[in-house]
Amino acid sequence: MTALPTLHVTALQNLLSPAEVITDADTMAPFCLDQRRRYRGEVFAVLQPRSVAAVQAAMRYCHQHRIPVTPQGGNTGLCGGATPHASVAGRGIILSLGKLNRVRAFSRADYSLTVDAGMVLADVQRVAAENGCFFPLSLASEGSCQIGGNIACNAGGLNVVRYGPARDLVLGLEVVLADGTLVDQLQPLHKNTSGYDLKHSMIGSEGTLGIITGATLKLFSPPQSVLTAWVGVDSIHAAADLLAAVKNRFGERLSSFELVSAHALKLSADYSNSALPLQAAWHVLLELTDSIVGAELTDPLAEVLDEHGWTEAVIALSESERQQLWRLRENISAAQKRIGTSIKHDIAVPIAAVADCVTDCEAALRQRFAEVETVVFGHLGDGSLHYNVFLPPLFDDAVYAYEDEVNALIYERTLALGGTIAAEHGIGQLKNHWLPRVRSEAELAWMRAGKQQLDPHGILNAGKLLPENGTHGFQAVPSK
Ligand SMILES: Cc1cc2nc3c(=O)[nH]c(=O)nc-3n(C[C@H](O)[C@H](O)[C@H](O)COP(=O)(O)OP(=O)(O)OC[C@H]3O[C@@H](n4cnc5c(N)ncnc54)[C@H](O)[C@@H]3O)c2cc1C
């Protein structure tokens, strides 16, 4: 360690406490490596503040001394957003929110829960349930990701079709700005039309505008009647028709509508040691819920399926059958790891264009890579897809040599259909050179102005989200 970081460590230990400032290399190592082991950052300390006042003190110091700060939640992000960028190697700190994990308030009248940002999502769900309520944000990483990270990424997940992404579930936020200023907007207000809303700028800002330290979350009545069904269809068009028919019949009772390709299902079934629920080219896992006990869902669903000739269907008759079906969906990510390394995409297009998107991407890939293997699944209910590409025989990190080329093929087709390259995982350092293709010049200028205003020294999550005008050696992306 050079003299300067040593001085900073001593100062930070005095401002916080020695226990809140980690400098041991082995203890810091897991914080410096991203979830997919693609990015390894280098910092002189990992801070784990135990109070909002400690976050403020740390930020005030870092602002004053121009020390780069990488905010980190559960470190489950898939775009390298929580890993320090190479451009700040050795000069900065990671600010880990994990020790800031208390429940602050519950209001039955407002159906709201206020928690520290470092609370693990599964714990938020549990606390809501203990209070007789339901917090619907649900992702496969919910055992490790934190609510602050979910909000920073505007996370989506399995229940977006009914409840929306994280943005729709936040009533209020508490944020520490780059210079240590505290903005407290934690009131459980269901309406507030008093001008621009800083909260919405923070949601999805991926740690580039401020540190989220607390959140007031919107709760719902717990589902009392649940119907889970697995339906086989012959095309994505048919799956989209099924979605429209179910929405039409059940309205807001449709909570989840997941699309799974036959290949993705086979991988997951093998991995899970489960039989296939049925044979089909495409599969839909759908869930209907109602907060009324004993709501009649089964017969009306059977009617919809009959009416449209969707005869390949399995309905879960018990909680264990329901979990078996969900396991097949949730194990897809783990199952594909067995094949090896893939080039992953979380894209979204208007629901009516999902089928064309898959067809166009497949054709473009196959023309360039004859042996290409794709694993396609996702949240058709909100138009988003996980589109993962394997290039046999490259089943290890060697596949990344083709990443730019594969991304260009997928993203060009996605954008041509009015879609986005970041449906729910964010931009991070993986995709920021593509941002100018997703956002207009005017939007980028507005983003940069906001960044300049809130973080004038650019200490927060440098090298993430916003493209740095080529300073990081990104490959040029063709303009629109
Ligand atoms: C198996 C698996 C399944 C997943 N499924 C989904 C899914 O269905 N839907 C989905 O949306 N995502 C999914 N993800 C991605 C990931 O879990 C989410 O993006 C999650 O919201 C990240 O939360 P985190 O606490 O781990 O954040 P981190 O990974 O720690 O950080 C993510 C970003 O947020 C910033 N950040 C974190 N905490 C704060 C804070 N308190 N204040 C300011 N900035 C902060 C970081 O700087 C970084 O830019 C999945 C990941 C895995 C591994």
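Helix α2 (residues 25-32) lies across strands β1, β2, β3 and β4, and runs at about 85° to β2. Helices (H or I, at least four residues) and strands (E, at least two) are DSSP runs here, numbered from the N terminus. Angles run from 0 to 180 degrees between N-to-C directions, using axes fitted as lines to C-alpha atoms, for helices over the stretch in contact; contact itself means heavy atoms within 4.5 Å. All of this comes from a predicted model, in which local features need pLDDT of at least 70 and side-chain atom pairs count only at pLDDT 80 or more, while totals for chains, interfaces and linings use all residues. Residues are numbered from 1 along each chain as its sequence is written, and side-chain values use heavy atoms, with hydrogens and water left out.

The four strands that α2 lies across make up an open sheet with the order β1-β2-β4-β3 and mixed pairing. At its edges are β1 (21-22) and β3 (69-72), each of which pairs on one side only; strands count as paired if DSSP finds at least two bridges between them. β1 and β2 (residues 43-47) run antiparallel and are joined by 2 bridges, with Val21 standing opposite Leu47 of β2. Helix α1 (residues 3-15) packs on this sheet too, touching β1, β2 and β4 (92-96), and its direction makes about 10° with that of β2.

There is also an open sheet of 5 strands, with antiparallel pairing and the order β5-β6-β9-β7-β8. Here β5 (103-107) and β8 (182-185) take the edges with a single partner strand each, so one side of each has no neighbour in the sheet. On average, neighbouring strands are turned by 10° against each other, ignoring direction. Between β7 (residues 170-176) and β9 there are 6 bridges in the antiparallel sense, and Gly172 has Thr216 in β9 as its bridge partner. Helix α3 (residues 52-65) packs on this sheet, touching β5, β7, β8 and β9, at about 50° to the direction of β7. Helix α4 (residues 121-130), for its part, lies across β5, β6 (112-116) and β9, running at about 145° to β6.

Next comes the ligand. It is surrounded by 34 residues, the closest being Pro71, Gly73, Thr76, Gly77 and Ser141 (a residue is near a molecule if one of its heavy atoms lies within 4 Å of it). This shell divides into 12 nonpolar, 20 polar and 2 charged residues; Ala, Val, Leu, Ile, Met, Phe, Trp, Tyr, Cys and Pro count as nonpolar, Asp, Glu, Lys and Arg as charged, and the others, Gly among them, as polar. At least two shell residues come from each of β3, α5 (147-153) and β9 (211-218), with α5 giving the most, 5 residues. Which residues hold polar atoms facing a nitrogen atom of the ligand at 3.0 Å and 3.1 Å? They are Ile212, with a polar backbone atom at 3.0 Å, and Glu424, with a side-chain N or O atom at 3.1 Å. An oxygen atom of the ligand lies 3.1 Å from a polar side-chain atom of Asn461. Taken alone the ligand exposes 970 Å², and the protein buries 93% of that (accessible areas from the Shrake-Rupley method with a 1.4 Å probe).

The peptide bond from Pro392 to Pro393 is cis, with omega near 5°, and Pro393 sits in the loop between β16 (384-390) and α14 (403-416). Asn75, in the loop between β3 and β4, has a phi near 60°, a positive value in a residue other than glycine.

Note on methods: Polar contact = N/O pair within 3.5 Å; in protein donor to acceptor, adjacent residues only side chain to side chain.
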